[in-house]
Each structure stands twice: as structure tokens, then as C-alpha cells.
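Colleague: I want to go through the pockets, the core and the annotated site of this model. Can you take my questions one at a time?

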Amino acid sequence: MAIATAAAATLALLCLLAVVPTGHGALQVGFYKGKCNGTDVEATVKRIIASRFSRDRTIVPILLRLHFHDCFVRGCDASILLDGKGGKKAEKDADPNKSVKGYDVIDQVKSALESKCPGVVSCADIIAIATRDAVVLGGGKQYTYSVQTGRRDGNVSVASEADSNLPGHTLSASQAIAKFKTKGLNASDTVLLLGAHTVGITHCSFVRPRLYNYNNSGKADPAMDPALVSRLKSTCPSSRPTANNFIVLDQRTPLTVDNSYYKQILARRGILKVDQNIATDKLTNATVKALATGSSFPTLFGGAMVRMGAIQVLTGKQGQIRKSCRIVNK
């Protein structure tokens, strides 16, 4: 009874967090209404993302990762889209970003909008809108949330800043919370945004230590379900230590946005150590349980995405509206 009461209290608190204002600072819902020569900006983005989704459902985790990796470095300013220049590496060249994708579809959306209203829609806003549309396609209409727009694009992109700002996959729950706190997000936001691991993949190189030599023990991580250990060892065999096969993060519904991720990590089936850690740590366990057992995840996840999308945004006369998302305007 005490556990049920605690979960209910946690869920009530989470629901309060889901109440999202219509604007963060200068951001607002519907910022582009009437500003694109009769073109509906969000409808244009939605059409292009839906077309890509119909051919490739992995566009959902691709855009979620792109948005997250952008916002955690210099804020949500599309700095991750900038190419390196003059031999200097940009964010996309940093080790954590070398497997980030989605640049092509953002370019496609930008080109379509530039042809209708040049210099109006920022690359940063395109990322935010496109990610929302992908989430809805991957999870259903219940995952719809209003995207606040009005961001402007940054002029700086430095590889070393990605290395130092992006959270690692082995963090403890307290370390993850502290990392997210530096971006103005709280413990509940941390758990909710890690819920993006309901879709997507990782690779053997990130999981192998948990399978064969956890904490230099020569054994598997005892926190992982033995049946899952056995399955993953067949994917990442010790006889092929350089094999870097992919592993889906949600072993039950890997291409669907849902709350299965939380059920999986409570069953000791978290693939990345940080995922398993938030399930077992007392700082986050109640939130994980509430999300695993209730129907609140769609609304709460949308709220967390809005809050993440407001990290250190450039607005007004700050930054610029790039003509090409890959280069700063001359």
C-alpha cells in the first residue's frame, strides 16, 4: 500500500509538471503564423517528415538524438548542423556525434521553406518541429505536443564543447540528474527524456563491459537480467571483440514510442548502464515505476521535450536565421 501511495504521489507531481506554458521567454506557439507568404510552416515540416517516416521508421530516434545533442551543447541553436571550417572541427565532428544522423532531412525541410519565405524559419526551429512530428508518427496522436518557436540559429560550433557537455551512457542516476540540472532540467525531466530510449539503438562497444568484465570483475553486470546477458553475448561474442553490431535499446517495441522502456528497465533489461541505474536508484525509482504503470507518459514526455527545447535559446536579434543550415551566413 505504501508503494502504491508513493507511486500515486509521484504521478500527481509529474502531472503538475506536464502543464506547459504557451511560451518560454520569447518563444511562443505559432510564431510563424502569417510570416511565410501564405505557407503553413509546421504543415510543410510535417509533410516532409511523414514522407520520410513512410520509408524509414528510424527517423524517429534519429531526430530525437539530433535534437537532444543540439540542445545540450550551447542550447537549442542548431549548432550541431554547422560544418567544420578551415580545419577546425565542429560539434558534428566530436566523438559522441559521429554517429548522429538526420542532417539530410533537415536540409530538405530548410530548402522547401527557403523557397517559400527566404530567411524566415530558423534551422533550430526546424529541428524542434521535425522531432515533434517524428515522435507523433512513432507513438500516435496521444504524443502530440505544441512546439514553441521563435529560436534563432547560433554562429559557433566547437567539437570540444560536445565532448564536455553531452551526458555519458555509464552515469549513475545522481550524475545524470546533476548533468541535466546544468541545463535547467530537474530529476523528473531526466527520467522522462531518457525515455527517448524507447526507440533507437546502441552498439556492442557500449555494452560489452557489462557483459564480460563489469567493474573489472571478469563477470557480467549482476543488475542485468541473465537471460538478456545471454542474448546480448550472442550479438556481441567474446570471440569477436571488435565486432560492433547494433542492439535495440527497447527489446520489446524498439520502433514504437511508448512506456515499454520503463517496464524493461524495471525488469533489469536496461541496455545502457544509465538506463538501469535510474530504475534502481531511490532518487528516480518512484518516477520510473509511475511511468511504467500509468498512461501519463505521452503527455509528460511532451512537456519534457518542450522544456528541453527551451534550453539557452537565441531569440530576438541574437544569432541569425541561416540561409543554409550547414554554414553561417556571410
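Modeller: One term before we start: a pocket is an open set of grid points with protein on both sides within 12 Å along at least five of seven lines. Keep in mind that this is a predicted model.

Colleague: How much space lies in the largest pocket?

Modeller: Its lining comprises 39 residues. Among those nearest the centre are Arg65, His69 and His197. The space in the largest pocket is about 1200 Å³.

Colleague: Which element gives the largest share of the lining of the largest pocket?

Modeller: Several elements give two or more residues to this lining, including α7 (173–181), α8 (187–194) and α14 (297–308). Strands β3 (201–203) and β4 (246–248) are also on that list. The largest share is six residues, and it comes from α3.

Colleague: By class, how many charged residues has the lining of the largest pocket?

Modeller: Nonpolar residues number 27 in this lining. Polar residues number nine. The charged count is three.

Colleague: And what volume has the second largest pocket?

Modeller: This second pocket is lined by 16 residues, with Asp83, Gly84, Lys85, Asn155 and Val328 closest to its centre. Its lining has six nonpolar, four polar and six charged residues. The volume is about 350 Å³.

Colleague: Is threonine 198 buried or exposed?

Modeller: Thr198 sits in the loop between α8 and β3. Its contacts include Asp250, Thr253 and Asp258. The cut-off for buried is under 20% relative accessible area. At 1% relative accessibility, Thr198 is therefore buried.

Colleague: What is the relative accessible area of threonine 253?

Modeller: Thr253 lies in the loop between β4 and α11 (260–266). Beyond four places in sequence, it is in contact with Thr198, Asp258 and Ser260. Thr253 counts as partly exposed, and its relative accessible area is 21%.

Methods
Residues numbered from 1 in each chain as written. Predicted model: local features only at pLDDT ≥ 70, side-chain atom pairs only at ≥ 80, totals over all residues. Heavy atoms only, no water. 1 Å grid on protein atoms, 1.4 Å probe; cavity = no way out; pocket = protein on both sides within 12 Å on 5 of 7 lines; lining within 4 Å. Points joined across faces, edges and corners; volume = space filled by probe spheres on them. Helix = DSSP H or I, 4+ residues; strand = E, 2+ residues; numbered from the N terminus. Nonpolar A, V, L, I, M, F, W, Y, C, P; charged D, E, K, R; others polar. Buried < 20%, exposed > 50% of the residue type's maximum accessible area, 1.4 Å probe, protein only. Contact = heavy atoms within 4.5 Å.
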